[in-house]
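Dear colleague,

Please find below the structure I am handing over to you. My notes on it follow.

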Amino acid sequence: HGVRQFHAGSSCIANGYMIGTQPPTPGKIPESERFHPYDWSEVPYYRTNLFRKSSCPVAVYKEASYFRDYVLPGLKRSMVGNSALITNWEPDAYFGYGCACTNCMFEFASYCKLELADVAKDWPRCVMPGGRFADRRNRFRSWQHGLVVKTLHRYVCKFSGEENSEGFIPEIIWGALSTGLWDNPMQAEIDVYEYVGSLKWINPWGPYCWWDAEAPYFYEKRLPIAPFMAARDIRGNLDRRFPKERRPKLLAFPHGAQRRQCIAAPEWIGMTLDSFFFNGWEASRIYFFPRGYDARYWRAFADATSRAGRCERYVSEGRRTDDLTTFEPVTAYAANCKQVTAFLPSSTNMSPLQVVSYDHAGGRVVAVFNFWERGAAFGRLSMKGLDSGRYTVVSGGRTLWSKSADDDSWTADELAQGILVGIGAARTVDFEIRPEAEESGRNARDEMTQASVKAAYKSLRDSLSREAERDRAAERAHGE
């Protein structure tokens with residue numbers, strides 16, 4: 001059938017050093033291959049049991065007996081019929097608690113090019129805060145962590161088709177691949193760039209858009225914009241850092257539902273899928289979907305999938321031309337967000353209106369995002385840089401935008417000056433600008449849009465009055 005199946009891993013292989021078999025066999029781990037923190041007395045009680053069941057990184061990447069005799073056979077069985085292993089990868093529990101076993105001491109001396117006898121004199125105190133080599137421990141831990149990931153990737157590929165395998169796909173926090181990685185020294189222990197260039201796919205999760213269904217709905221204008229900003233930032237960051245042949249594909253993980261009450265609006269699910277697709281990510285899968293959702297959610301999912309299908313050749317084969325395309329509102333519209341997310345400092349003074357465009361084979365596709373859920377956006381969509389000639393404009397694959405009942409096409413100069421269009425609240429609309437051809441479908445004439453603009457003025461003014469007060473309240477709440 002051609003469908004490639006990815007295996008969603010469990011806690012048997014997850015989060016750095018939780019390396020076990022299916023079912024787990026922590027009792028089989030020899031003491032010399034267990035994870036030994038630098039100082040057990042400083043380990044909180046709730047982490048003690050976790051650490052006792054965890055593997056030393058050296059025992060994984062040097063393939064010691066437990067990994068070789070228990071983990072690998074279990075991994076091989078679980079990969080039957082699958083093309084990849086996806087598993088949660090949040091090694092937070094190990095931050096500040098590097099393995100201090102004798103094998104890691106040998107590795108540390110070798111990695112840092114130090115005399116083993118000198119390191120052994122006060123190991124592991126020499127790598128703890130205030131120790132002689134404390135400044136080197138994070139780079140060493142990060143290197144070890146990278147080797148663990150690359151070892152898992154190598155065996156997942158081996159057990160699931162070699163070159164045809166998609167390999168090991170860790171689910172990592174999105175900030176680890178952004179340009180705004182927050183100032184957290186613990187992140188240096190698991191530097192993603194130690195391994196990401198060796199993988200075929202990476203799955204950054206978040207930012208998540210959700211609200212608490214057990215409380216009154218809390219409207220926050222900036223919330224649904226965060227995935228778009230993160231998607232654009234991470235895509236650009238990877239493209240700058242890696243040549244295409246070493247660049248992993250990006251798998252998004254938009255929020256669908258969590259626990260029993262953390263749910264997403266259907267429009268948010270659709271627009272988050274759009275945000276990742278139009279920013280060049282190769283695939284998406286929704287976190288817990290469906291989960292009791294009704295037809296509104298299925299429609300949002302289907303609409304986003306249809307948009308991706310219509311625009312895929314532009315996005316995958318075309319050239320990005322955001323700098324040649326603008327959307328300028330002609331009616332009242334929401335104020336910019338002072339900051340979309342604190343985890344991405346560059347996301348300041350951002351409009352809830354965002355535009356992405358791609359050129360391909362003489363045409364252009366434009367996606368206009370209206371993240372403002374309180375009102376529509378009417379404005380001029382201007383598209384510069386098109387070759388001389390006449391073009392047709394079709395949105396949503398079926399609506400033909402026309403100057404009049406007798407003229408369905410536009411010159412390149414007219415498109416550069418802009419055509420009047422409307423974008424509904426909390427909507428993404430895709431426009432395809434095609435060299436002139438016979439078109440059919442629902443017609444949206446310029447005079448019809450003008451009438452819609454006039455009709456919307458009062459309701460938009462009223463919405464903005466309420467919006468301004470909400471903005472002031474949000475700024476007070478977030479200290480902006």
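A residue is called buried here at under 20% relative accessible area, exposed at over 50%, and partly exposed in between (1.4 Å probe, protein chains only). This is a predicted model, in which local features need pLDDT of at least 70 and side-chain atom pairs count only at pLDDT 80 or more, while totals for chains, interfaces and linings use all residues. Residues are numbered from 1 along each chain as its sequence is written, and side-chain values use heavy atoms, with hydrogens and water left out.

Overall composition

There are 11 helices and 24 strands in the chain; these are DSSP runs numbered from the N terminus (helices H or I, at least four residues; strands E, at least two). Of the 480 residues, 53% are buried.

Strand β4 and its partners

Strand β4 (residues 84–88) is largely enclosed by the rest of the structure, because four of its five residues are buried. Strands count as paired if DSSP finds at least two bridges between them. Strand β1 (residues 6–8) runs parallel to β4 and is joined to it by three bridges, with Phe6 partnered by Ala84. Five bridges join β4 to strand β5 (residues 167–173), again in parallel; here Leu85 has Phe168 as its bridge partner.

Nonpolar cores

A nonpolar core is a set of buried Ala, Val, Leu, Ile, Met, Phe, Trp, Tyr and Cys residues joined through side-chain atoms within 4.5 Å. The largest such core has 88 residues, of which Leu75, Trp123 and Tyr195 touch the most other members. A second, separate core of 26 residues includes Val368, Ala377, Ile423 and Ile433.

Salt bridges

The structure holds 28 salt bridges, each defined as a side-chain nitrogen of Lys or Arg within 4 Å of a carboxyl oxygen of Asp or Glu. One of them pairs Arg125 with Asp39, the closest N and O atoms being 3.3 Å apart. Arg125 lies in the loop between α5 (116–120) and α6 (134–159) and Asp39 in the loop between β3 (18–19) and α1 (45–52), so the pair ties together parts that are 86 residues apart in sequence. Asp39 is buried, at 13% relative accessibility, whereas Arg125 is partly exposed, at 49%.

Asp191 and Arg139 also form a salt bridge (3.4 Å, N to O). Asp191 is in the loop between β5 and β6 (201–205) and Arg139 in helix α6, so this pair links parts 52 residues apart in sequence.

Yours sincerely
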